[in-house]
Amino acid sequence: MKKIILFVGPPGSGKGTQSKKVAERYGYRHISTGDLLRELVANGSADTEEQEALEKMKTGALVPDWLIYRLAFHAIGQAVHSGRGVVLDGAIRSVEQATQYEAFLAEHNLLSELQVIHITLSDEDALSRLTTRRICAACGELIPWLPDTMQLTHCPKCNGELRHRADDAEEVVRSRIALQGNAMLAPIVEFYQTRGVLNEVDGRQEIGVVEEKIRELLSSDIK
Ligand code: AMP
């Protein structure tokens with residue numbers, strides 16, 4: 001049976017980067033609810049009710065749960081139907097959502113396949129990472145502020161220009177961390193801890209080290 005791997009962590013913890021690596025390694029479908037919402041905005045297929053719900057995204061607030069369930073459950077169903085496992089990224093942001101996902105997974109006999117990876121990072125570390133990192137204007141590669149990258153002016157992958165992201169401005173980052181940081185995560189982490197499916201990885205470590213720790217965690221029982 002293929003796994004349902006859920007990544008949780010504060011903004012800047014690296015869960016986007018790491019969840020994509022896991023999906024690529026095992027041929028799983030990477031499902032980011034943020035990406036699904038942005039696609040719905042971009043392809044213009046949202047009905048009036050969905051359009052109203054999508055407005056919430058502009059203020060940094062969470063969109064209504066029903067829209068998340070509609071998009072995420074459809075995407076999970078499609079992947080599982082075609083024999084693929086799933087990596088969920090940013091898909092659960094409240095205990096209420098965790099409870100509804102649990103009911104959905106149980107209904108489809110997938111609950112025993114759920115494994116949660118919590119990438120830990122303090123709010124202070126998240127703030128300093130997000131406000132110093134840069135993004136390549138051409139290919140979107142994120143460049144952390146490290147001794148060997150801080151001198152770079154152009155992307156090591158494609159030579160595009162490196163810039164700061166508009167939503168990485170300090171005031172915006174502070175409000176993202178207030179709304180989506182460790183205070184919001186704590187009850188979700190506790191929810192999965194009591195169910196015995198939680199694994200923690202220290203997100204302060206270098207990307208390659210975090211990747212290796214996750215690989216070790218998953219290697220024993222993933223197919
Ligand atoms: P992200 O790309 O993960 O930062 O998500 C971008 C935005 O999409 C968030 O700020 C929320 O407005 C919305 N969003 C993504 N996932 C969820 C979710 N599970 N529940 C509610 N809103 C979400």
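Me: Hi! How far is an oxygen atom of the ligand from an N or O atom in the side chain of Arg93?
Reply: Hi there! In this predicted model, that distance is 2.5 Å.

Me: And what about Arg38 and Thr33?
Reply: For Arg38, an N or O atom of the side chain lies 2.8 Å from an oxygen atom of the ligand. With Thr33, the ligand atom is a nitrogen, and it is 2.8 Å from an N or O atom of that side chain.

Me: How much of the ligand does the protein bury?
Reply: The protein buries 84% of the 480 Å² that the ligand exposes when taken alone.

Me: How many residues surround it, and which are the closest?
Reply: There are 14 residues around the ligand, and the closest are Thr33, Arg38, Ala61, Arg93 and Gln97.

Me: What classes do the shell residues fall into?
Reply: Seven are nonpolar, five are polar and two are charged.

Me: Which helix gives the most to that shell?
Reply: That would be helix 2, residues 33-43, which supplies four residues.

Me: Let's stay with helix 2. How does it pack with helix 4?
Reply: The angle between helix 2 and helix 4 (residues 65-81) is about 105 degrees, and their axes are 10 Å apart. The two helices are therefore roughly perpendicular to each other.

Me: Which residues make the contact?
Reply: Helix 2 brings Thr33, Leu36, Leu37 and Leu40, while helix 4 brings Leu67, Ile68, Leu71, Ala72 and Ala75. Eight of the contact residues are nonpolar, one is polar and none is charged. Thr33 turns up here as well as among the residues closest to the ligand.

Me: New topic: how do helix 5 and helix 8 cross?
Reply: Helix 5 (residues 95-107) and helix 8 (residues 182-194) cross at roughly 35 degrees, with their axes coming within 9 Å.

Me: And who touches whom there?
Reply: On helix 5 the residues are Val95, Ala98, Thr99 and Glu102, and on helix 8 they are Pro187, Ile188, Phe191 and Tyr192. By class, that contact has six nonpolar residues, one polar and one charged.

Technical notes
Residues numbered from 1 in each chain as written. Predicted model: local features only at pLDDT ≥ 70, side-chain atom pairs only at ≥ 80, totals over all residues. Heavy atoms only, no water. Near = heavy atom within 4 Å. Polar contact = N/O pair within 3.5 Å; in protein donor to acceptor, adjacent residues only side chain to side chain. Areas by Shrake-Rupley, 256 points an atom, 1.4 Å probe, with all protein chains shown as cover. Nonpolar A, V, L, I, M, F, W, Y, C, P; charged D, E, K, R; others polar. Axes fitted to C-alpha atoms, helices over the stretch in contact; angles between N-to-C directions. Parallel < 35°, antiparallel > 145°, perpendicular 65-115°, else oblique. Contact = heavy atoms within 4.5 Å.
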